Amino acid sequence: SCITCWKIYNDSSAGVRKTWACCFVHMRENNGGSLKQRILLVTVITSIAGLVALGVATTGGFVVDYSISKFYLSHTSGALLQEPKKKKEWIESKGNDHEKEELLSVREFGSEKRFHDVSLHARSRAQSMSQEDRKEDPFVALCLIGNARTFTNPSVYWRLKHNLINSLSKNTYVFAHIKTWDTGVKKQKDFGMFKSIPVSEKDLVLPINVLCPSFATVEASRRVDPDQLINTKCEFKKEYAKKVRQPDFFTNRENMPRFLAIMNSMNNCYSTVLRFEKIANIKFDAVAKTRPDAVFFFPSFTAHELLLRGDLVTHFSDLFVFSPRRFSDGFSRWWDNYTSCEGPWYHAYFPEDALRKGFEDLG
């Protein structure tokens, strides 16, 4: 009943209110529970419908795939319940020409020659910009770090491109460090067990070309055994983590390598950013971090706006971190401290806490 109502009223100026009333009447006529139950259920349904409408109005069309129920919303096809178009058709409907161009391989994005060429181009661009232009479109280094998972879905990587990379600044340089091998079953205290979506290097060709990173490296297999990252002189203490009210998830031997791999990837990406600065003879205005499986449904704040916050690092869980350049060494501070640690570890035991503490130490 509510779906039928939404189809009728979704284009009207008072779509949510009319849908609510229509849905409520349908349920009353069909003996759909008590008055209290009907009000509660219809309010929830129409609230979700309102959010969907807002997302459609803002992004200009999207495809949401609920893989378990096979329940699809496809605004791009103009229908409420319909299978999404094939990936290629969906991309072409967004006006993308990447399918028609000769794509670079993922490995070409990791070549030293290309890295050097992009660095020199950044130098030339920085020299040609006025101070006012640089203030409006700061130079931002964006580290894209983590397991690929849903990154190969067009609705994910196109949003990363438009709602984050392009939204931050015209001078956003992406540095991608992506894993595809870590697809084993994971255990989490609050979420049970889950298995990551398997992704091949071939699947990443189009998403990587769309984002066009300054540098990209893909770990299709373990380059380093995570156990080898463990500093045997440094001891993680579950009791300390609990004492300072930090999650103790990564304190055991089974999960610790995952934590270390996350922080090691962050450190490696930041090292790449520093190397880029050296070759380009520039200094970024800000350094940011996000995940390849993060979906940005709306345009982010611009880098100019975020830098107006002064001595503040913008931090949204581990999905997005934005730091002015003067504090960006906080991205690697935890790793530097850990590798030189001897004895009990009295610092952060979780990625978000590790980054927060690193930035706080720098002011």
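**Close-up views of a sheet and a helix pair**

View 1. Strand S10 (residues 286-290) and strand S12 (residues 320-324) run antiparallel and are joined by five bridges. Strands are DSSP runs of E with at least two residues, helices are runs of H or I with at least four, and both are numbered from the N terminus. This is a predicted model, in which local features need pLDDT of at least 70, side-chain atom pairs count only at pLDDT 80 or more, and totals for chains, interfaces and linings use all residues. Residues are numbered from 1 along each chain as its sequence is written, and side-chain values use heavy atoms, leaving out hydrogens and water.

View 2. Six strands line up in the order S8-S5-S4-S10-S12-S11, with mixed pairing; strands pair if DSSP finds at least two bridges between them. At the edges, strand S8 (215-219) and strand S11 (314-316) each pair on one side only.

**View 3. Helix H10 packs with helix H13.** H10 (residues 256-280) and H13 (residues 351-361) pack at about 40°, with axes 10 Å apart. Axes are lines fitted to C-alpha atoms, for helices over the stretch in contact, and angles run from 0 to 180 degrees between N-to-C directions. Therefore H10 is oblique to H13 (under 35 degrees is roughly parallel, over 145 roughly antiparallel, 65 to 115 roughly perpendicular, and the rest oblique). Contact (heavy atoms within 4.5 Å) involves Phe 259, Ile 262, Met 263 and Met 266 of H10 and Pro 351, Ala 354 and Leu 355 of H13.
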